[in-house]
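Thank you all for making time this morning. I would like to walk you through one structure, and I will begin with a term that we shall need along the way.

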Amino acid sequence: MKDKKSDARVVKTKQRIETTFLKLLEEMPFEKLTTSLIIKECLISKGTFYAHYLDKYDLAEQLLDRELEIFESLLTQRFENTNPSKAKSSIPSWISKNLIR
């Protein structure tokens, strides 16, 4: 039996929910965003949403946690062969060049 996290349908559904969430965040502040609106825009049932997330806060937290894990992994790869004293000064420089727009 497939792991629920790697099931293609689960992955696609979560991606759709997260994409819809981010799109709606571009249109309105987080405080005004509701799970009902996410569900409506995503064309899914309440049960589908709540099978993956407790609420909009859990959705935001899971999304942020995953992105931070990716970021941490990229930083580790980028600086693993760097002298530790150089890494401390290089990380803020790398962040400002690559992330801050």
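When I call a residue buried I mean under 20% relative accessible area, when I call it exposed I mean over 50%, and partly exposed is in between, with a 1.4 Å probe and protein chains only.

Before that, a word on what you are looking at. This is a predicted model, in which local features need pLDDT of at least 70 and side-chain atom pairs count only at pLDDT 80 or more, while totals for chains, interfaces and linings use all residues. Residues are numbered from 1 along each chain as its sequence is written, and side-chain values use heavy atoms, with hydrogens and water left out.

As for confidence, pLDDT is the predictor's confidence in each residue, from 0 to 100; the chain averages 85, and 74% of the residues score at least 70. Confidence is highest in helix α2 (residues 35-42), at a mean of 97, and lowest in helix α5 (residues 84-98), at 63. Where pLDDT is low, the predicted coordinates should not be read in detail.

Now the overall layout. The chain has five helices and zero strands, where helices (H or I, at least four residues) and strands (E, at least two) are DSSP runs, numbered from the N terminus. Of the 101 residues of the chain, 25% count as buried. If we take contact to mean heavy atoms within 4.5 Å, and consider the contacts with a separation of 6 or more, then residues 24 or more positions apart account for 42% of them.

Let me turn to one pair of helices. Two packed helices are described by the angle between their axes and the distance between the axes. Here the axes are lines fitted to C-alpha atoms, for helices over the stretch in contact, and angles run from 0 to 180 degrees between N-to-C directions. Helix α1 (residues 8-27) packs against helix α4 (residues 56-79) at an angle of about 100°, and their axes are 11 Å apart. That makes α1 roughly perpendicular to α4, given that 65 to 115 degrees counts as roughly perpendicular, under 35 as roughly parallel, over 145 as roughly antiparallel and the rest as oblique.

Which residues in α1 and α4 meet? From α1 come Lys14, Ile17, Glu18, Phe21 and Leu22, and from α4 come Lys56, Leu59, Ala60, Gln62, Leu63 and Arg66. Sorted by class, this contact of α1 with α4 has six nonpolar, one polar and four charged residues; Ala, Val, Leu, Ile, Met, Phe, Trp, Tyr, Cys and Pro count as nonpolar, Asp, Glu, Lys and Arg as charged, and the others, Gly among them, as polar.

That brings us to the salt bridges, each being a side-chain nitrogen of Lys or Arg within 4 Å of a carboxyl oxygen of Asp or Glu. A search of the whole structure finds five of them. One of these joins the side chains of Arg66 and Glu18, at 2.8 Å from N to O. Since Arg66 lies in helix α4 and Glu18 in helix α1, the pair ties together parts that are 48 residues apart in sequence. Arg66, at 34% relative accessibility, counts as partly exposed. Arg66 also forms a salt bridge with Glu67, with the closest N and O atoms 3.8 Å apart, and Glu67 counts as partly exposed at 40%. Glu18, Arg66 and Glu67 are therefore to be pictured together, linked in a network of salt bridges. Another salt bridge joins Lys23 and Glu27, at 3.9 Å from N to O, and both of these residues lie in helix α1, four residues apart, about one turn of the helix. Lys23 is partly exposed at 36% relative accessibility, whereas Glu27 is exposed at 53%.

His52 lies in helix α3 and counts as buried, at 15% relative accessibility. Leaving aside neighbours within four places in sequence, His52 is in contact with Val10, Thr13, Lys14, Ile17, Asp58 and Gln62. Leu37, in helix α2, is partly exposed, with a relative accessible area of 22%, and touches Leu24 and Met28, not counting residues up to four places away in sequence. Finally, Leu43 sits in the loop between α2 and α3 (46-52) and has a positive phi of about 60° although it is not a glycine; Leu43 is exposed, at 75%.
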